Amino acid sequence: MTDNQNPLSPHLQIYRWHISSLLSITHRISGVVNLFSLILIFFWLIVLSLGESNYELFLLVINSFIGKFILIGFTWSMSFHILSGIRHLVWDMGYGFEIKTANISGAIVIISSLILTIIFWLLGRGYI
Amino acid sequence: MNETRKWILHRISAIILAPLFFWVYFSLISLSTKNYQEAIYFFKNPLFLVLTTILFFIGFFHVKISLSEIFEDYIHNKKIKDVANILVLILSIIIPTITLILLIYKI
């Protein structure tokens, strides 16, 4: 093991990020975040079953600044993971592997996930 | 489970989950502006009860396959990896089951 000359890759301090690698790791991270959002929904149902006064308190937390921040973050994470997942499914079918196409589809995923999050909140909160 | 089957089931679960997640997020964001009675009324709807149950069972099935994939990449100690996988398996059975019980008996 002392003479191991293999390069360490990716060496994060000097690693030049590409849209492809950035999206790849974000897909994983957002997936794990979505697990926490599923647990939040589970918690939501538990509080709902505990009666009205507990639920009112929960609503207060959810509608606080931090609560909204977390919910908006979860919404973005879900939007991103689904859109990025669709990109992966298209790859699974054998399309879109050219570097240029992959870069463009990556950029589309990032921008659309942001737009989708905004649409969700405008629709869900009844602004539209 | 053999790996090819796992791969295919992972994709199928993803396709089922995508619309369900859109639905549940839209619903929760709008429920966050409404009161207790309306939330109860929402989850009492048989269609929404079924959708929420499917979301949890298939969601945690997807989580189980995905996490074991992640463990495969980052956990090198076989014993720890096995324990982690078993813990996730237990969680992904227990949480959806409790959800179903809550929805039917408690809400």
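Colleague: Which residues of α4(B) are buried?

Modeller: In this predicted model, the buried residues of α4(B) are Val88(B), Ser92(B), Pro96(B), Thr99(B) and Leu103(B). A residue counts as buried when 20 or more other C-beta atoms lie within 10 Å of its own.

Colleague: What covers the buried residues of α4(B)?

Modeller: The cover comes from both chains, for it includes α1 of chain A, and it also includes α2 and α3 of chain B.

Colleague: Which residues are buried in α1(A), and what covers them?

Modeller: The buried residues of α1(A) are Leu23(A), Ser30(A), Gly31(A), Asn34(A), Ser37(A), Leu38(A), Ile41(A) and Leu48(A). Their cover includes α2, α3 and α4 of chain A, together with α1, α2 and α3 of chain B. Just after α1(A) comes Gly51(A), which takes a positive phi of about 105 degrees.

Colleague: Where is Ser77(A) placed, and is Ser77(A) buried or exposed?

Modeller: Ser77(A) lies in helix α3 of chain A, and it is buried because 20 or more other C-beta atoms within 10 Å are needed and Ser77(A) has 21. Leaving aside neighbours within four places in sequence, Ser77(A) is in contact with Ser30(A), Val33(A), Asn34(A) and Ser37(A). With Ser37(A), Ser77(A) forms a pair 40 residues apart in sequence, with the C-alpha atoms 9.1 Å apart in space.

Colleague: Where is Ser13(B) found, and what does Ser13(B) touch?

Modeller: Ser13(B) is found in helix α1 of chain B, and it is buried, with 20 other C-beta atoms within 10 Å. Not counting residues up to four places away in sequence, Ser13(B) touches Ile58(B), Phe61(B) and His62(B). The C-alpha atoms of Ser13(B) and Phe61(B) are separated by 7.7 Å, although the two residues are 48 apart along the chain.

Colleague: Which residues have the most contacts inside the largest nonpolar core?

Modeller: That core has 25 residues, and those with the most contacts inside it are Met78(A), Phe21(B), Val24(B), Tyr25(B) and Leu28(B). The elements giving two or more residues to this core are α1 (19-49), α2 (52-62), α3 (65-92) and α4 (99-124) of chain A, together with α1 (3-31) and α3 (46-74) of chain B.

Colleague: How many residues does the contact between the chains take from chain A and from chain B?

Modeller: The size of an interface is often given as the accessible area lost when the parts come together. Here the description is by residues, and the contact takes 28 residues from chain A and 26 residues from chain B. On the side of chain B that touches chain A, α1, α2 (36-44), α3 and α4 (78-106) of chain B each supply at least two residues, and α1(B) gives the most, with ten residues. The residues of that side of chain B divide into 18 nonpolar, six polar and two charged.

Colleague: What is the overall make-up of chain A and of chain B?

Modeller: Chain A has four helices and zero strands, and its elements run α-α-α-α from the N terminus on. Chain B likewise has four helices and zero strands. The C-alpha trace of chain A spans about 65 × 45 × 25 Å along its principal axes, while the C-alpha atoms of chain B fill a box of roughly 50 × 25 × 20 Å. A compact globule of 128 residues would have a radius of gyration near 14 Å, whereas chain A has 20 Å; for 107 residues the value would be near 13 Å, whereas chain B has 16 Å. Of the residues of chain A, 22% count as buried, and of those of chain B, 20%.

Colleague: What confidence does the predictor give to chain B and to the complex?

Modeller: Where pLDDT is low, the predicted coordinates should not be read in detail. Chain B averages a pLDDT of 94, and 100% of its residues score at least 70. For the complex, the predictor gives an ipTM of 0.93 and a pTM of 0.91.

Technical notes
Residues numbered from 1 in each chain as written. Chains lettered and ligands numbered in written order. Predicted model: local features only at pLDDT ≥ 70, side-chain atom pairs only at ≥ 80, totals over all residues. Core = buried A, V, L, I, M, F, W, Y, C linked by C-beta atoms within 7 Å. Buried ≥ 20, exposed ≤ 12 C-beta atoms within 10 Å, placed from the backbone. Contact = placed C-beta atoms within 7 Å. Nonpolar A, V, L, I, M, F, W, Y, C, P; charged D, E, K, R; others polar. Rg over C-alpha atoms; globule rule 2.2 N^0.38 Å. pLDDT = per-residue confidence, 0-100.
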